[in-house]
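Here is a short briefing to read alongside the model. Take a moment with the fold first, and then we can walk through its strands, pocket and side-chain contacts together.

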Amino acid sequence: MNESQPDDSRWYPKYPMVAVHPLILKEGRLLLVKRAKEPSKGKWSIPGGRLELGETLYEAGRREVLEECSIEIEIERLLDIEDLILKDDVGRVSYHFVLVYLIATHKTGLIKANSESEDIGWFTPTETAGLDVHPQLRAVLARAGFTKR
C-alpha cells in the first residue's frame, strides 16, 4: 500500500469496503449509467457507491442514486451480495469491494448523469443484452431475471 493514501482510499485498501447498487426498474426498463472512471470505465453499470459510516444499506442506496442520477427510488429488497477483488501485477489486492445489490423502483424525478458518468438511460432487457457491461454484472442481471447471461 502507498502510505500517502488515506485509509479510506479505494485503491490498496487496508480492509474491504462495502458498496450498494440498486437495480432500478421503471415500466420494464432498467436504469444504467456508463462509467466515466475506473474501475469499469466506459462500461455500462448500475448506479451506486460506498456505504458511509452510520448509514443503512437502503439509506446508502437511496442517497447514491439521488447523487448519481438525480432521482428518488423505493427499495424493495436485497437481491445478492458479491465480492469485487482486483489484484495488481505482483498479486497484491489493489481493490476490494463487497457489492450489495438491491431491487428498487423509480419513485420520482428525471434522470440526469453526474460527473462520474458518461451517459445514463433506461434500457429494456433486449437493449441491455447488447451493451458493454462487466461479466459479473451481467450475471447479477440474469439472477434478477432481467436479462440472459
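Is Tyr95 buried or exposed? Tyr95 is buried, with a relative accessible area of 6%; buried means under 20% relative accessible area, exposed over 50% and partly exposed in between, with a 1.4 Å probe and protein chains only. Please keep in mind that this is a predicted model, where local features need pLDDT of at least 70, side-chain atom pairs count only at pLDDT 80 or more, and totals for chains, interfaces and linings use all residues. Residues are numbered from 1 along each chain as its sequence is written, and side-chain values use heavy atoms, leaving out hydrogens and water.

**Aromatic pairs**

- The structure holds 3 aromatic pairs, counted for rings of Phe, Tyr and Trp (its six-membered ring) whose centres lie within 6.5 Å, with planes under 30 degrees apart called stacked, over 60 edge-to-face and the rest tilted.
- One of them joins Trp11 and Tyr95 in a tilted arrangement, 4.7 Å centre to centre with 45° between the planes.
- Trp11 lies in the segment before S1 and Tyr95 in strand S6, so this pair ties together parts that are 84 residues apart in sequence.
- Trp11 counts as partly exposed at 32% relative accessibility.
- Tyr95 also forms a tilted pair with Phe97, at 5.0 Å centre to centre and 40° between the planes.
- Both Tyr95 and Phe97 are buried, and ring pairs link Trp11, Tyr95 and Phe97 into a cluster.

**The largest pocket**

- The largest pocket has a volume of about 640 Å³, the volume being the space filled by probe spheres set on grid points joined across faces, edges and corners.
- For the search, a pocket is an open set of points on a 1 Å grid over the protein atoms alone, where a 1.4 Å probe fits, with protein on both sides within 12 Å along at least five of seven lines; lining residues have an atom within 4 Å of a point.
- Of the 28 lining residues, the closest to the pocket centre are Arg10, His21, Arg35, Pro39 and Tyr95.
- Strand S6 gives the most to this lining, with 4 residues; strands (E, at least two residues) and helices (H or I, at least four) are DSSP runs numbered from the N terminus.
- The lining has 11 nonpolar, 8 polar and 9 charged residues, where Ala, Val, Leu, Ile, Met, Phe, Trp, Tyr, Cys and Pro are nonpolar, Asp, Glu, Lys and Arg charged, and the others, Gly among them, polar.

**Strands S2 and S7**

- Strand S7 (residues 117-123) has 5 of its 7 residues buried, so it is largely enclosed by the rest of the structure.
- S7 runs antiparallel to strand S2 (residues 29-35), and 6 bridges join them; two strands pair if DSSP finds at least two bridges between them.
- Leu32 stands opposite Gly121 in S7.

**Salt bridges**

- The count comes to 11 salt bridges, each a side-chain nitrogen of Lys or Arg within 4 Å of a carboxyl oxygen of Asp or Glu.
- Glu127 forms a salt bridge with Arg29, with the closest N and O atoms 3.2 Å apart.
- Glu127 lies in helix H2 (residues 125-129) and Arg29 in strand S2, so this pair ties together parts that are 98 residues apart in sequence.
- Glu52 and Arg63 form a salt bridge with their closest N and O atoms 3.6 Å apart.
- Arg63 counts as buried at 16% relative accessibility, whereas Glu52 is partly exposed at 44%.
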